[in-house]
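Please read this briefing alongside the sequence and the coordinates.

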Amino acid sequence: MIKTNDCGALRSKDIGQRVRLAGWVRFYRDHGGVRFYDLADSFGSTQVVYDPEAYQSNVNVVGIGQLLNNIGREYVIAVKGVVRERVPGTEDDRNPTGTVEVLIDEIEILNSSKVIPFEIAEQKNSTLPSEDLRLKYRYLDLRRTEMAYNLRFRHKVLASARRYLDSIGFIEVETPTLTRSSQEGARDFLVPSRTMPGTFYALPQSPQLYKQMLMVGGVEKYFQLARCYRDEDSRSDRQPEFTQLDLEMSFVDVEDIFRTIESLYSHIWKDVLGKELRTPFPRITLEDALNKYGTDAPDIRFGLELVDVTDIVKCSSYDIFQKVLGKKGSAVICVNLKSTLVKEKTLDANVGRSEVDRLIDWAKQQGMGGLTWMRMTDEGLSSNIVKYFGKEVLESLERRTDATKGDLLLFLAGPRHLVQKAGGHLRMKLARENGLLEGMDHQFVWLVDCPLFQADPVTGKVASFHHPFVRPVEGDFDENGELLSFKGCSYDLVLNGSEIGSGSMRNHHAEVQRKMFRALGMSEERMREEFDFFLEALEFGAPPHGGIGMGMDRFCSILLGCESIRDVIAFPKNKKFQSLVDSSPKKVDQAKLDELQLMSLVDEDEQD
RNA sequence: GCCCUGGUAGUGUAGCGGCCUAUCAUGAAGCCCUGUCGAGGCUUCGACUCGGGUCCAAAUCCCGACCAGGGCGCCA
């Protein structure tokens, strides 16, 4: 090793030792005579000193000084020297190595560095450069303390998961990344085949069918840190390629899977955060989640629950509500922003109007017609529109929403699913703006009791709620019955309002699986074409099985409080799915296309 | 496909019709400095994304492109 210690390692107990350190020159301070260098690696930084008056006669003082004259920030150097105590009063208590320093008596410049395009070192008032610059020079971005920490954190989470799953008998099995395309699900990334021109592999959206076939193969307890690929537009928590902790078990029921997962996260909690995690996780039905939180991924750490007041306000003469409620499937929901939750108290109905106006603008941006409000006062509910509401209606509202003095009631009206969705966003917005999430512990919740099918809102066609492999709650279903009424044995794992996992018990009877496909409107021909191999696998004694896939990028970014999952991925892609560090995707030589017998339809002039 | 926000020295920003030959910080280059730690001091360098338009006058207003981010749709 070029170094005897890491740059974050030395302490007072090491004083007198002769050490060799290597790292990057992060800062240096030249006082004309004595010079200080902060030598950093991802473990920390140590002050190394050039102090001409302190050297013994056998040290090449001039030579070291000349080498040091040539180094700049982020030069890679190795130094040898003796660890010594700092001059009393000059210790740096912000740095764990701050009581000591190394007096350089030998130095080697291992590499130079160009002038860096942005600040790597944490500095007061320094803000991050634009995302694309960070991504272009990702290797420099990764040198930053925060990113280095994130990568290590992620490693610890994954290592902990691996250790635990191994300890309870799971085995890690890799499945192919060159797979078959299927019409279901997200858009595929396609890979042309050279040996069979005109045919394509797809990159896996998840190892779903492979892991089920592993169960048929008797693996019984499988897991994998599986890279998944979906060619759908990105979000701050969505990348075209992402990592799932994928897991499947045989001879189990839902409770076994829940226990396994809860136990898994308990171990991760202990290993990585050093804390106990409360289990079992609470469960909430999809219906409750939508009604109370307006989303299938509820953040249940705070109240501000949505209250359905459709039946009450029906009896008002408020024109806007009447118009909305005239349409089928409409609803009026209310969020009570309790005065006790608000940081700056505005108990007077006339105060805080600009605040309400801001919320109204926001609601319009969300696609709502607007937002109606009332403030609870000593004289009851008050606002510009209470005159349209009878006394009894107002009193019912007070009771239903539990309104007490100073509370602000916010109403959204429109089609139920839109109102719920907007209400869910409103709830999160109010929580964020009033600091309700600050200092909160993390909270898992299982989302359960989901339907097997759902109707496409546009075409009305029946589609899977999760995917076609979900086992019906009863194990079977009547394909001539009311499809939308059946429940599936599926569940989502939600953490702090983000879906971080989704799984189910699977159909292990081929006949039920066939029925499932038929119910989804799949022809016998296509079933054969796309799933014959899989259906046949189920026919060779498939055991009952189920599992889950959990997004590790999201999980780590939530624990670390990152704005985006890009901050826990070493080389993420930008919003357009470009990798800025290596400029992919790129055009390829015509010869490569010829070999694959492919032709581009893109006009050459339109490409760069 | 759509909506929103932004684009000013290498980096982060201020300016938002004339006070702009564009602010401040950081950086880079050079000099000074023997206990700093985002060292300090002095000097120098370096920018209005592009194309139209309005106007006596545009970094600033308008239109359009391009780039980036957030969101909707999409994500079985």
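In this predicted model, the buried residues of helix H14 are Met527, Glu530, Phe531, Phe534, Leu535, Ala537 and Leu538. These buried residues pack against two other helices, H5 (208-216) and H13 (510-519).

**Helix H14**

- Helix H14 covers residues 524-539, and although it has 16 residues, its end C-alpha atoms are only 17 Å apart, which falls short of the 22 Å that a straight helix would reach at 1.5 Å a residue.
- After H14 comes Gly541, a residue with a positive phi near 70°.

- The C-alpha atom of Met522 is separated by 17 Å from that of Phe477, a residue 45 places away along the chain.

**Chain A as a whole**

- Chain A is made up of 608 residues, of which 48% are buried, and its secondary structure includes 16 helices and 22 strands.
- Taken along the principal axes, the box filled by the C-alpha atoms of chain A is roughly 95 × 75 × 60 Å.
- Among the contacts in chain A with a separation of 6 or more, 69% are between residues 24 or more positions apart.

**The second largest pocket**

- The volume of the second largest pocket is about 1,200 Å³, and of the 31 residues that line this pocket, Ser584, Pro585, Lys586, Lys587 and Val588 are the closest to its centre.
- Strand S7 (190-192) and helix H16 (590-596) are the elements that give two or more residues to the lining of the second largest pocket, and S7 gives the most, with three residues.
- By class, the lining of the second largest pocket consists of 16 nonpolar, seven polar and eight charged residues.

**The largest cavity**

- The structure holds one cavity of 30 Å³ or more, and the volume of the largest cavity is about 40 Å³.
- The largest cavity is lined by Arg26, Arg73, Glu74, Ile116, Glu119, Ile120 and Ala121, a lining that divides into three nonpolar and four charged residues, with no polar residue.

**Cis peptide bonds and positive phi**

- Most residues other than glycine have a negative phi, and most peptide bonds are trans, which is the background for the points in this group.
- Thr279 and Pro280 are joined by a cis peptide bond with an omega of about -10°, and Pro280 is located in the loop between helix H6 (254-273) and strand S11 (283-285).
- Ser584 and Pro585 are also joined by a cis peptide bond, with an omega of about 0°; Pro585 lies in the loop between helix H15 (552-560) and H16, and both Ser584 and Pro585 are among the residues closest to the centre of the second largest pocket.
- Leu304 is not a glycine but has a positive phi of about 55°; its place is in the loop between helix H7 (286-293) and strand S12 (306-308), and Leu304 is buried, with a relative accessible area of 6%.
- Phe577, which is likewise not a glycine, has a positive phi of about 70°; Phe577 belongs to the loop between H15 and H16, and this residue counts as buried because its relative accessible area is 14%.

Methods
Residues are numbered from 1 along each chain as its sequence is written. Chains are lettered from A and ligands numbered from 1 in the order in which they are written. This is a predicted model: local features need pLDDT of at least 70, side-chain atom pairs count only at pLDDT 80 or more; totals for chains, interfaces and linings use all residues. Side-chain values use heavy atoms; hydrogens and water are left out. Helices (H or I, at least four residues) and strands (E, at least two) are DSSP runs, numbered from the N terminus. The expected span of a helix is 1.5 Å times one less than its number of residues. Buried means under 20% relative accessible area, exposed over 50%, partly exposed in between (1.4 Å probe, protein chains only). Contact means heavy atoms within 4.5 Å. On a 1 Å grid over the protein atoms alone, a cavity is a set of points where a 1.4 Å probe fits but cannot get out, and a pocket is an open set with protein on both sides within 12 Å along at least five of seven lines; lining residues have an atom within 4 Å of a point. Grid points are joined across faces, edges and corners, and a volume is the space filled by probe spheres set on the points. Ala, Val, Leu, Ile, Met, Phe, Trp, Tyr, Cys and Pro count as nonpolar, Asp, Glu, Lys and Arg as charged, and the others, Gly among them, as polar.
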